[in-house]
Amino acid sequence: MYQVSLKDCLYKTAFVVGIAIFFLAFTLGFFRSIILHAHIPPVGVTYRAGIDSLKEQRKHNALASQLRLALDLDLDRSDQFNLHYELGMLLDSQGKQMEAIPHLHRSVQLNSDHIEALNHLAWTLATCPDPELHRSLRLQAVELARRASKRLANKHPGVLDTLAAAHAAVGQYELAVTTAESALKLAARQQADPLAEEIRARLQLYKASKPFYREPQPFGKDRPNGANSNQ
Amino acid sequence: MKSSTIERDGKFESDSRFDLGGEFKFPKGGNARIDLMAKSALRNLPASLLGQSFVHPIFDYMLIGGGLSLVVGACVLPNPGAALTFSAASLPYIILLSNSAHFAASTVRLYTKPGAFHSLPFVTMALPLVSLVLLTTCMRFAGTLGPHLTSLYLTWSPYHYAAQAYGLAVMYCYRSGCLLSAGNKKLLWWMSMLPFFYVFATGSNVGLHWIDMAGWLDDRPSIDAFLKTFQFALPLVGIAGTVYLWRNISLHQGRPMPLISVLLLITNAVWWFILRPGNAFVWATIFHGIQYLAIVVFFHVKDQMGRPNQRHSATYHVLWFYGACVVLGYALFNCFPQAYVLAGFGPVESVLLVVAAINIHHFFVDAYIWRLKRADANRAIVDTGATAPL
């Protein structure tokens, strides 16, 4: 008799505590959304808004761990391209090219028509300063940059700049010089002065038979060759 | 005519879901009795095929049977760009009104079902807190526990849908006076489960591929080839098995299986066999939600209308129950994750793990609230309007 009463008592306590936490959570969640965003929680809420918020706040480490977690947990695959691409770009900007490459590669596998992703992977493979990067991957950079440039009718100075860097990375300096010169002409014609300046500096390296390896760039800014514009 | 399994056994097997009580006696009288039933059923073949509806044949076939999903699917699938396709803007609202409301419906039903606190003390009183603790633990260790929680719910989902199709098919058979033998019931269960086996064997990150964390299957081309053959063969087994089952019941049970029971198997099979996995989860969740809401609202209204001193109309109870489901669905899926973010968890685990936990809680609760034992309130509702075996 005593045991039954104790069990009932435990059940009732658990019920009261559980329901109280649920109501508190619903209320806090509701008002948090109103206070922060001046609207009720949107229907069909996703984690995307939270990821964008971390990006805006430039909390890069938290962003990287959230993107990694999303790749593990979001099994419906609808957002896989963006997750891999964003994580690849973020790691690349932090100077972790060797970690970035598999994610950029996967993003290209998921969407081979995405010129930005093609160009970014090619750029990372071509300009990664790590000597451990296999030559076959550098050669792949040439193929990827060529494919991206062809899609833009060889009229994009940023993508041609990537192609030049890729040629230089595999020791094809003559091709690197001619491609960089074409990129320079296009950049000048389009009055893209900062890009033209960068290409000019790299051109000097190619003429001296040296590849271009880059330093990490802040995440969220245009990539050095500006290839994420004019898509 | 052969003697049926029912006749030998004299009683039905008990189901874990839609439990028919395990004591439903088959009418005495042997083969002559079955012959009489067969003649009676044949005389009234269209009605026997149509089965005994809960609301109206059109309502039952379209919403509970899932016929609506076949109609919409037939319109949308040949032309994915058609206006009938859900737009990105409207999809969240459609999901709220169907799927989110359906998840909430099991909870609303649990707490409004007469005698639930007494008969299900753990589920009604302790489960909310237990779920909260487990969910928060998974949140805390999202990197290690989170993927397993997600895979668990995605593996359980097709089983849950298959079990619902089976339970409803048995319920319609029972209501329509089509008494299933133990053997036929087992076969019906296997046919219902085929879509689950299909997803279990072939889905990525679910079922076999979830259990095989070491990637053993991926390293063996022979297993891969076997699974591809399995994937191809299973729909064919489903078609052949369902035709055999229907014929077997018609020949040996004295009454044909109502077509709505067959429709329930077909719609669940179409969701998983024909649609691509990504689409299957969206479509199945929407139409399974509608199916679930239709049947649960019916049970709720019957319960409420049967209460002494009740003064409201059936429409009031329908609107009250559905409104409560939508509000709770909104709170669970849209407010609850915000609370976890407020508590310091990341947006990814707050949204995705809450969704996984709500799913699992729903599957768990659902396994209890649909019992049809003799003492259960559900049993009286299923019995209401049921066609007598003869």
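Of the 231 residues of chain A, 48% count as buried. Buried means under 20% relative accessible area, exposed over 50%, and partly exposed in between, with a 1.4 Å probe and protein chains only. This is a predicted model, in which local features need pLDDT of at least 70, side-chain atom pairs count only at pLDDT 80 or more, and totals for chains, interfaces and linings use all residues. Residues are numbered from 1 along each chain as its sequence is written, chains are lettered from A and ligands numbered from 1 in the order in which they are written, and side-chain values use heavy atoms, with hydrogens and water left out.

**Fold of chain A**

Chain A has 10 helices and zero strands. Helices (H or I, at least four residues) and strands (E, at least two) are DSSP runs, numbered from the N terminus. Of the contacts in chain A with a separation of 6 or more, 58% join residues 24 or more positions apart. A contact means heavy atoms within 4.5 Å.

**Helix α9 and its surroundings**

α9(A) has 17 residues and reaches 24 Å from its first C-alpha to its last, close to the 24 Å expected at 1.5 Å a residue. The expected span is 1.5 Å times one less than the number of residues. Its buried residues include A:Tyr173, A:Val177, A:Leu184 and A:Leu186. Their cover includes α8 and α10 (193-207) of chain A. A:Gln191 follows α9(A) and has a positive phi, near 55°.

A:Gly171 sits in the loop between α8 (157-169) and α9 (173-189) of chain A. A:Gly171 is partly exposed because its relative accessible area is 41%. A:Tyr206 is 35 residues from A:Gly171 in sequence and 9.2 Å away in space, C-alpha to C-alpha.

**Interface of chains A and B**

The contact takes 33 residues from chain A and 40 residues from chain B. About 3200 Å² is buried between the two chains, with 78% of that area from carbon and sulfur atoms. Buried area is the accessible area (1.4 Å probe) that two parts lose on being put together, summed over both. A:Tyr11, A:Val43 and A:Leu73 supply 21% of the area that chain A buries against chain B, more than any other three residues.

Across this interface the rule finds zero salt bridges. α1 (2-37), α2 (48-56) and α3 (60-73) of chain A each give two or more residues to the side that touches chain B. The largest share, 15 residues, comes from α1(A).

**Salt bridges**

The structure holds 12 salt bridges over all chains. A salt bridge is a side-chain nitrogen of Lys or Arg within 4 Å of a carboxyl oxygen of Asp or Glu.

| Pair | Closest N to O |
|---|---|
| A:Asp79 and A:Arg48 | 2.8 Å |

B:Asp303 in helix α14 (residues 277-305) and B:Arg109 in helix α6 (residues 91-112) of chain B are 194 residues apart. Both B:Asp303 and B:Arg109 are buried. In chain A, salt bridges that share partners join A:Arg48, A:Asp52, A:Lys55, A:Asp79 and A:Glu86 into one network.

A:Asp79 and A:Arg48 are both buried. A:Glu86 counts as buried because its relative accessibility is 8%. A:Lys55 is partly exposed, with a relative accessible area of 29%.
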